[in-house]
Each structure stands twice: as structure tokens, then as C-alpha cells.
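We will go from stop to stop, selecting as we go.

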Amino acid sequence: MDVNGKKAIVFGGTSGIGLATARRLADAGAAVVAISRDPSKAGDPGPGITLEQCDVRDRAALRTLFEKQGPFDILISAATGGDRAVGPFLEMDMDGYQGSFDKLWGYTNVVRFGAGHLAEDGCIVLVSGAPARRMKPGQIAIGSVGGAVEAFVRGVAPELAPRRINVVSPGQIDTPMVALKGTDREAHYKKTTAGHLIPRAGTADEVAQAVILAVTNDFMTGTTVDVDGGWLLS
Ligand SMILES: NC(=O)c1ccc[n+]([C@@H]2O[C@H](COP(=O)([O-])OP(=O)(O)OC[C@H]3O[C@@H](n4cnc5c(N)ncnc54)[C@H](OP(=O)(O)O)[C@@H]3O)[C@@H](O)[C@H]2O)c1
């Protein structure tokens, strides 16, 4: 797909990986709508990007948004959905564990209600995460969610064809998701990537590059692209 002149909808497009993706799409000539619960966090997102407010967990609001914004060619979600539980499963608060799946419900809402507005040659990209296939201690909640996202994409790809759907799976990426500042932030990323083949956090733009690959390569569907600095081999 040539992105130039296309319309793209990016949920979670106001921060981190989603915002970097929105910027790359806009730079390539797409008209981009970046969406989150509080889009003001994007500040001035730059030319070619307009902001909209919507919570991906709110099905009625999503249907209204899609009615307003459709038709479109590119549908992306990097929206985290809500809070994630961290820690050993046998000590886990089960409401927290179940709440972690807001990411999955948000993604599945976006596909369920967005697909009907997507062009026949359009494509969808969702974002999972390396813990889906290699969990570190304490990551069972987000790992379970990521695994479900990847299984969902493989399962729904035949229904969506000829429209395409793929997953990009980031490793440890330096985004506003981590609130730490200064030396605490540096120490966090140093510690969490120490055993990786590329021992640093990735950038949001490095992940956005892979999202653009999944958008532009017309022979890719139902698959996962890892952008993880070698996390899966560490
Ligand atoms: N950063 C990493 O190391 C990493 C690693 C692996 C996977 N990932 C995955 O990559 C994706 C993007 O993460 P990120 O690091 O870019 O995070 P981020 O900078 O915190 O961005 C998350 C985006 O999702 C939006 N969002 C969250 N809940 C939402 C909801 N219920 N409805 C609509 N929008 C919502 C946020 O905006 P509002 O708060 O305004 O809604 C924000 O725009 C996530 O799925 C994350 O799990 C990240």
C-alpha cells in the first residue's frame, strides 16, 4: 500500500508508539486521526494529524466515531486500554488480572466495529509485546494479554481477507508509559535490557518503522513482527 493520500485511524495515537506511528504516516502523506481518552496529551501533533477523543472500551462511542470517520484505509491500535497487573500470579489480585485484558477488549472492539468502514484493500495493525512469547518474572498478566492479541489476529485474518491484519510486538521501549525521570529512568531501562542482544530500550520510532512495514507490505497478513532488541533470545 502506498500511504500517500490514504486515511489512517490510530488509537493510542497521542503518545509513545502510536504517536510515532501517526507522525510517520502523516510524513508519508496520509491524513491521520489520532485518538485517545485525553488527546490533549499529544500537544501539537504536527501537520496531517487531527485529534479525537474516544475510550476504546466504550463500544457505543467507538461506533459513533467510526460512523463519523469512515471510510478509511488504515486502522491501527496501540491503545493500552487500562491498568495492568504486575507480579506473581499466585499472589495476584484477580480483578487486576482481568482488568489487564482491557487492552484485548479495546483491540477487539476496534476491529469488530472498525472493519466495516475499512477499504477492501485496507489493513489493520495491533501492538502486542515481547512478554506474549517470553515472559520475565511478574509479567504473566501482560504476557497473557499479548498472547491473546496474537492468537486473535491469526484467527480473524481469514475473516478479514482481502483486508490484512498484522501484529507488531515491541520489546522494552522508551515511552511515556514509564513515568520515571532522569537517572531513575536510565537505571530502569539499563536493568530491564541488560541481558538483551541489543542492551538498550528501543525508541517509539523504531517500533513505528515496523508498523509502517506491516501497513505498506501487501503480502503480509496474520503475522507478528518483533522489534525487541533480541528480547526473545535473551
Ligand atoms: N513501551 C513499551 O515498552 C511497550 C512494550 C511492549 C508493548 N507495548 C505496547 O505498545 C502499546 C503502546 O504503548 P506505549 O509505550 O506507546 O504507551 P503510551 O505512551 O502510554 O501510549 C498509550 C496510548 O494509549 C492510549 N490509551 C490508553 N488507554 C486507552 C483507552 N482506554 N482508550 C483510548 N486510548 C487509550 C493513551 O492515551 P490516553 O491515556 O489519553 O487514553 C496513549 O495515547 C501498548 O499496547 C503497550 O502495551 C509497549
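Where is the place of P176? Select P176: this residue sits in the loop between β7 (173-174) and α6 (182-193). Keep in mind throughout that the model is predicted.

**Stop 1**

Is P176 buried or exposed? P176 is exposed, because its relative accessible area is 56%, above the 50% cut-off. The C-alpha atoms of P176 and A204 are 9.8 Å apart, while 28 residues separate the two along the chain.

**Stop 2: the ligand**

How many residues surround the ligand? There are 30, and the closest are S15, R37, K41, R84 and T175.

Start with T175: an N or O atom in the side chain of T175 is 2.6 Å from a ligand oxygen. Move to S36, where an N or O atom of the side chain lies 2.8 Å from a ligand oxygen. Finish with G171, which uses a backbone N or O atom, 3.5 Å from a ligand oxygen. Taken alone, the ligand exposes 890 Å², and the protein buries 93% of that.

**Stop 3: charged pairs**

Side chains of opposite charge can pair when their charged atoms come close. The salt bridge count for this model comes to nine. We will visit three of them.

Select R57 and show its side chain. Which residues form salt bridges with R57? One is D55, with the closest N and O atoms 2.9 Å apart. Another is D102, with the closest N and O atoms 3.1 Å apart. The D102 pair links distant parts of the chain, 45 residues apart. D102 belongs to helix α4 (residues 102-114), and R57 to the loop between β3 (49-53) and α2 (59-69).

Colour the pair by accessibility. R57 is partly exposed, with a relative accessible area of 35%. D102 counts as buried because its relative accessibility is 19%, under the 20% cut-off.

Now go to D218 and R164. These two form a salt bridge, with the closest N and O atoms 3.7 Å apart. D218 lies in the loop between α7 (204-216) and β9 (224-227) and R164 in strand β6 (residues 164-170), so the pair ties together parts 54 residues apart in sequence. Which end is buried and which is exposed? D218 counts as exposed, at 52% relative accessibility. R164 counts as buried, at 6%.

**Stop 4**

In soluble globular proteins, nonpolar side chains tend to be buried together. Select F11, F66, L75, I124, L126 and I165. Of the 36 residues in the largest nonpolar core, these six touch the most other members. Elements that give two or more residues to the core include β1 (7-11), β2 (31-36), β5 (118-127) and β6. Which element gives the most? Select α5 (140-160): α5 gives seven residues.

**Stop 5: a nonpolar patch outside**

Switch to a surface view and select F89, L90 and M94. They form a nonpolar patch on the surface, with about 330 Å² of accessible area together. Zoom in on F89, in the loop between β4 (72-77) and α3 (94-99). F89 counts as partly exposed because its relative accessible area is 34%, between the 20% and 50% cut-offs.

How values were computed: Residues numbered from 1 in each chain as written. Predicted model: local features only at pLDDT ≥ 70, side-chain atom pairs only at ≥ 80, totals over all residues. Heavy atoms only, no water. Patch = residues over 30% accessible without salt bridge, like charges linked within 9 Å, V, L, I, M, F, W, Y side chains within 5 Å. Areas by Shrake-Rupley, 256 points an atom, 1.4 Å probe, with all protein chains shown as cover. Salt bridge = Lys/Arg side-chain N within 4 Å of Asp/Glu carboxyl O. Helix = DSSP H or I, 4+ residues; strand = E, 2+ residues; numbered from the N terminus. Buried < 20%, exposed > 50% of the residue type's maximum accessible area, 1.4 Å probe, protein only. Near = heavy atom within 4 Å. Polar contact = N/O pair within 3.5 Å; in protein donor to acceptor, adjacent residues only side chain to side chain. Core = buried A, V, L, I, M, F, W, Y, C linked by side-chain atoms within 4.5 Å.
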